[in-house]
Amino acid sequence: MPQEDIRALYRVNEVEIVYKNKIPFEERIQITSSSTAYDILRQSWDDNRIELVEQFKILLLDRRHTCLGVSDIATGGITGCLVDPRIIFATALKTRASSLILAHNHPSGTLKPSEADLDLTRKLMQGGKLLEISVIDHLIVTPHRYCSLADDGLMPS
């Protein structure tokens, strides 16, 4: 069978992985506290949605905890948001992140993590171990305050 005919039989998509960092290394902000992470997240959050619907974002960090970027992962409804770990880790792998800070808002304004918040954090920490990507914190964000699971000793072990 000629080579052209074989190619026609087995058509598949080519996958290309590309990462472009437009901010020079020297200009990236280093995340040294949960308050710095909160400030970056609040800057990226849509003020018109933070008290309307639940959203989930991640901060992607390199080995020195300099911020590679913020990524919107999911948007849900008033009381919840479906988060797909595959999207989180695909994003982390593409950006060469060594660690992550998870974040979501509570439209109700409460800062208390739910059992579902703690379960998701635990699940993502386990997935990160396999890929050698640390989940170092999970922030619950409201317009004027935040809760850091790491600062409050609530990160699952």
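Buried means under 20% relative accessible area, exposed over 50%, and partly exposed in between, with a 1.4 Å probe and protein chains only. This is a predicted model, in which local features need pLDDT of at least 70 and side-chain atom pairs count only at pLDDT 80 or more, while totals for chains, interfaces and linings use all residues. Residues are numbered from 1 along each chain as its sequence is written, and side-chain values use heavy atoms, with hydrogens and water left out.

**Salt bridges**
- With a salt bridge taken as a side-chain nitrogen of Lys or Arg within 4 Å of a carboxyl oxygen of Asp or Glu, the count comes to 5.
- Aspartate 47 pairs with arginine 42, their closest N and O atoms being 2.9 Å apart; aspartate 47 is exposed at 53% relative accessibility, whereas arginine 42 is buried at 17%.
- Aspartate 62 forms a salt bridge with arginine 28, with the closest N and O atoms 3.6 Å apart, and because these residues lie in two loops, the pair ties together parts that are 34 residues apart in sequence.
- Aspartate 62 is buried at 13% relative accessibility, and arginine 28 is buried at 18%.

**Nonpolar cores**
- A nonpolar core is a set of buried Ala, Val, Leu, Ile, Met, Phe, Trp, Tyr and Cys residues joined through side-chain atoms within 4.5 Å; of the 24 residues in the largest one, Phe56, Ile58, Ile88, Leu100 and Leu124 touch the most other members.
- Helix α4 gives the most to this core, with 4 residues.
- Apart from this core lies another, of 14 residues, among them Ile31 and Leu61.
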